[in-house]
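Subject: Structure for you to look at

Hi,

Here is the structure I promised to pass on. My notes on it follow below.

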Amino acid sequence: ATGVAHELNQPLAAIRSYAHNGSILLDRGRESETRENLERIEAMTERMADITSHLKSIARRPSKLVAAVNLESAVTNALSFFRTRIGKESIAVELEFSADDVLAKGEDIRLEQVFINLVANALDAMADATKRKLWIVAKKDDGNAVVVIRDTGCGIPEENIGKIFDPFFTTKEAGSGLGLGLSISNKIIRDFGGIIQIRNTSGDGTAIAVVLPAADEGRHTE
């Protein structure tokens with residue numbers, strides 16, 4: 001809730017400022033500058049709409065059925081949540097998906113939540129990086145469906161690797177996170193018979209893999 005409030009308060013404050021300044025500019029007959037302010041307000045409302053739309057999809061009651069989930073779609077939907085941030089922070093994104101659909105046993109909304117959490121952590125890790133690039137690969141591997149998310153961030157200190165899935169463990173500043181994202185993500189993936197692996201981490205970045213049992217399209221199980 002703290003993170004959502006922060007994400008919404010920023011554009012709200014900007015809208016308030018642009019609206020106030022726009023009224024003054026309009027009174028002074030400066031129509032072109034007024035139009036620029038209106039365009040900025042439009043951009044801010046689009047950003048807020050993206051946030052609230054995505055929150056509504058996450059808040060939907062998840063299905064009790066485990067189905068075949070297209071991981072490319074789940075990753076793409078998760079990335080759309082960060083469209084504004086990725087552009088603002090000049091982060092290069094490279095996606096590598098198999099020619100054939102990569103289907104995993106799971107539930108689409110909860111898997112999307114996992115990828116949101118992992119992408120958010122990757123973006124946070126690159127906050128002070130000179131090179132900012134995010135790679136995401138979805139592939140089939142020996143009966144599994146795998147998504148690998150790799151960043152060029154600060155990496156995970158060795159002493160923290162064993163703690164990152166613990167509830168409320170976080171290295172972020174107060175107010176920036178509760179330390180529940182990876183814990184929740186780990187539980188979701190385990191519920192679907194999968195695992196989250198730290199495949200590589202160093203001062204040059206981290207690669208995290210989500211490994212799930214592969215599924216056949218259209219198959220549903222309890």
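Helices (H or I, at least four residues) and strands (E, at least two) are DSSP runs, numbered from the N terminus. By that count, the protein chain has 6 helices and 8 strands, in the order α-α-β-α-α-β-β-α-β-β-α-β-β-β from the N terminus on.

Please keep in mind that this is a predicted model: local features need pLDDT of at least 70, side-chain atom pairs count only at pLDDT 80 or more, and totals for chains, interfaces and linings use all residues. Residues are numbered from 1 along each chain as its sequence is written, and side-chain values use heavy atoms, with hydrogens and water left out.

Let's begin with the inside. Of the 222 residues in the protein chain, 37% are buried (buried means under 20% relative accessible area, exposed over 50%, partly exposed in between, with a 1.4 Å probe and protein chains only). The largest nonpolar core holds 37 residues, and L71, F115, L134 and I149 have the most contacts inside it. Such a core is a set of buried Ala, Val, Leu, Ile, Met, Phe, Trp, Tyr and Cys residues joined through side-chain atoms within 4.5 Å. Among the elements that give two or more residues to this core are α3 (71-80), α5 (108-125) and β4 (133-141); α5 provides the largest share, 9 residues.

Now the charges. The whole structure has 6 salt bridges, each being a side-chain nitrogen of Lys or Arg within 4 Å of a carboxyl oxygen of Asp or Glu. R85 pairs with E89 (3.0 Å, N to O) and also with D124, where the closest N and O atoms are 2.6 Å apart. Because D124 lies in helix α5 and R85 in helix α4, the second pair ties together parts that are 39 residues apart in sequence. Elsewhere, K133 forms a salt bridge with E94, at 2.9 Å between the closest N and O atoms. K133 is in strand β4 and E94 in strand β2, so this pair too ties together parts that are 39 residues apart in sequence. Through shared partners, R85, E89 and D124 are joined into one network.

S90 is not a glycine, yet has a positive phi of about 55 degrees; S90 sits in the loop between α4 (83-88) and β2 (92-97) and is exposed, at 61% relative accessibility. D142, in the loop between β4 and β5, also has a positive phi, near 55 degrees, and is exposed at 76%.

Happy browsing!
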